[in-house]
Amino acid sequence: TDAEVPVRTVVFDSITKGHRRFLESAMALGRRSVPAIQDWGLASQRLTEMIDGLKPYVNVVLCAHFEIIKDANLERVLAQVWLPGQLANLLPLGCDELWRIRTEVAAGGKRKFTLCTVSDGIYPGATRFAQRGMPAFVDITGADGRDGRPNAYDLIKRHIKCPTGARRSRR
């Protein structure tokens, strides 16, 4: 449908906690206090359907926590989105961009923030803007965000170059 949407972007912060809310809803349907296997599946299905349903109308931003796991088959340490079961592997596949913010303590005890737009072998990452000038790592320390937090959006816009003859979106 051509419904009027009053927003351009929907942010889920965090999708990890959001999944828990879908799980609680599924448990309530079965009047259970402990999730059964079907509750996990229903929660995951509802979450992915909601995201897929929104994507044609608005930008969808998912903030998630990562967990470090050891892959027994590869004998490697990897990071994955902190979600249950196959959802941890399936959800990132539906994302156009997969970034993370790395925080570290720099010289003098100050915090340094780096936006990572590619995989580093442990944490996943991907960007479709690499050919338009998006660097793999962007130092966003001291960005002009609220409460001293980085505002990555403006920094990213500075790095992405529009193709010749194209206009920048006014979003």
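Modeller: Let's start with the buried residues of H1: Ile-15, Thr-16, His-19, Leu-23, Ala-26 and Met-27. This is a predicted model, where local features need pLDDT of at least 70, side-chain atom pairs count only at pLDDT 80 or more, and totals for chains, interfaces and linings use all residues. Residues are numbered from 1 along each chain as its sequence is written, and side-chain values use heavy atoms, with hydrogens and water left out.

Colleague: Why is Arg-31 called exposed?

Modeller: Exposed means over 50% relative accessible area, buried under 20%, and partly exposed in between (1.4 Å probe, protein chains only). Arg-31 has 79% relative accessibility, so it counts as exposed.

Colleague: Where is Arg-31 found?

Modeller: In the loop between H1 and helix H2 (37–54). Helices here are DSSP runs of H or I with at least four residues, strands are runs of E with at least two, and both are numbered from the N terminus.

Colleague: What is the phi of Arg-31?

Modeller: Positive, about 50°, although Arg-31 is not a glycine. Most residues other than glycine have a negative phi.

Colleague: Which elements do the buried residues of H1 pack against?

Modeller: S1, H2, strand S2 (59–63) and helix H3 (87–93). Contact means heavy atoms within 4.5 Å.
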